[in-house]
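Reader: Hi! Could you take a close look at a single part of this model for me, and walk me through it in one go?

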Amino acid sequence: MSDQFKLEIVNPEKSFLLKDDVTEVIIPAYEGEMGILKDHISLISFLKPGLIKIFSKGAEDRFFVEDGIVEFKDNNLTILTSSISNINDMKKDRIDTILSEAEKNSQDKEISDQQKYLAEQKIEVLKSIN
Amino acid sequence: MASLDDLKKRITSVKSTQKITKAMKMVAASKLRRAQESAERGRPYSDKMNNIIVNLSNSITDKDNSPKLLVGSGEDKVHLCVVMTSDRGLCGGFNTNIIKKAKTFFQKIIDEGKTLKIITVGSKGYDQLKRAYKDNIIERISFKESKNVNYFDANKVGKIIIDKFEKKEFDVCTIFYNQFKNVITQIPLDQQIIPLKALETKNSPSEDNYEFEPEEDEILSNLLPKNISTQIFKAMLENSASEQGSRMTAMDNATRNAGEMVDKLTIQYNRSRQAAITKELIEIISGAESL
């Protein structure tokens, strides 16, 4: 019981997910994947496209996000994101649409290095889901 | 005096108007419930976003180099006003209240000798402002085709604003919208979003030492554009709830007024019918007497 903490995922329309029996969360932070356990130091970071893995008692959920902000404080983990979807609900054709869009974006010569990096990340993650 | 036929026609016309306003009231009521729900569900996001930004800006030590979106461009010459109204009419004083608030603000800016630029969101605002401020309006946005308020639309507006800020087209940005208090009361608000006005926090600024990854200013410069879109999204949600509330009240009043009018006209109709009958009777009797 003692190694559990609270997780809330919020998107602009509503509170997306609320769980209070989470043991570990792995987030795709901007500078690399990051695992968060109970009693982690207070943290603010933001996300790159990737997978959020949530481990709770006997269950594992995986969500795909494109961006977001993470705050961890007093054993409350808050994730704000404007684009999140459960992998199990994602249909293959939807993944393909996002993938081809991202591929088109990364070919674009006009974009900055940062945007290019993010687009390539997205492609990589989507390919791994497929 | 109007003839009986005319009165009858008027009564039917008022009655059918009443039917329309009644239907509109029902529609507004059901839409209101949905709009209100989504406004309430949207609050945690903007609140949390606000909290994080406060925490972040508290821990920034180097105030001079913090992002421009937070501290402003250092000048106060060009004001950008985003006036958010509805796309549809027949909603009482909803649009007029926002416009009135905005116009007072505009006048103040012009009196101070500053430059005024306007972006209208929603077609009704443009209609009301184009006469007096046609040259100041630099952009008009309307989301007539989208059914519900969504984040995607808000993001579009946010991008336009940030784009213009980066091109140094304005120094200060203020948004105007109606805050939804309850069905009867909506408060027209002005809210400055660039530079971010000293944010109010419910809990006192914590002394917590956060771990930041990457650096504070990098997070901030990523977060602030998102915050703009979030604030606009919040304003849009509040606005849509207010619009339906205001329409519901207006249509309720209209229905009641129509009812009163029907009553009055019916009395008038009955009286004149009776008068006509009495007149005919008198004519018959006096005709019979003269024989």
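Author: Happy to! Of the 291 residues in chain B, 33% are buried; a residue counts as buried if 20 or more other C-beta atoms, placed from the backbone, lie within 10 Å of its own, as exposed if 12 or fewer do, and as partly exposed in between. Please keep in mind that this is a predicted model, in which local features need pLDDT of at least 70 and side-chain atom pairs count only at pLDDT 80 or more, while totals for chains, interfaces and linings use all residues. Residues are numbered from 1 along each chain as its sequence is written, and chains are lettered from A and ligands numbered from 1 in the order in which they are written.

Let's begin with the overall form. The C-alpha trace of chain B spans about 115 × 40 × 35 Å along its principal axes. Its radius of gyration is 28 Å, whereas a compact globule of 291 residues would have one near 19 Å; the radius is taken over C-alpha atoms, and the globule rule is 2.2 Å times the number of residues to the power 0.38.

Chain B holds 6 helices and 6 strands, in the order α-α-β-α-β-α-β-α-β-β-β-α along the sequence. Both are DSSP runs numbered from the N terminus: helices are H or I with at least four residues, strands are E with at least two. Among contacts in chain B with a separation of 6 or more, 80% join residues 24 or more positions apart; a contact means that two C-beta atoms, placed from the backbone, lie within 7 Å.

Now to the neighbour. In chain B, 23 residues are in contact with 21 residues of chain A. On the chain B side, the elements that give two or more residues are helix H1 (4-59), strand E6 (211-213) and helix H6 (216-290). H1(B) supplies the largest share, 10 residues. By class, this side of chain B has 12 nonpolar, 6 polar and 5 charged residues. Here Ala, Val, Leu, Ile, Met, Phe, Trp, Tyr, Cys and Pro count as nonpolar, Asp, Glu, Lys and Arg as charged, and the others, Gly among them, as polar.

Within E6(B), Phe212(B) stands opposite Ile44(A).

Terms used
Pairing = 2+ DSSP bridges.
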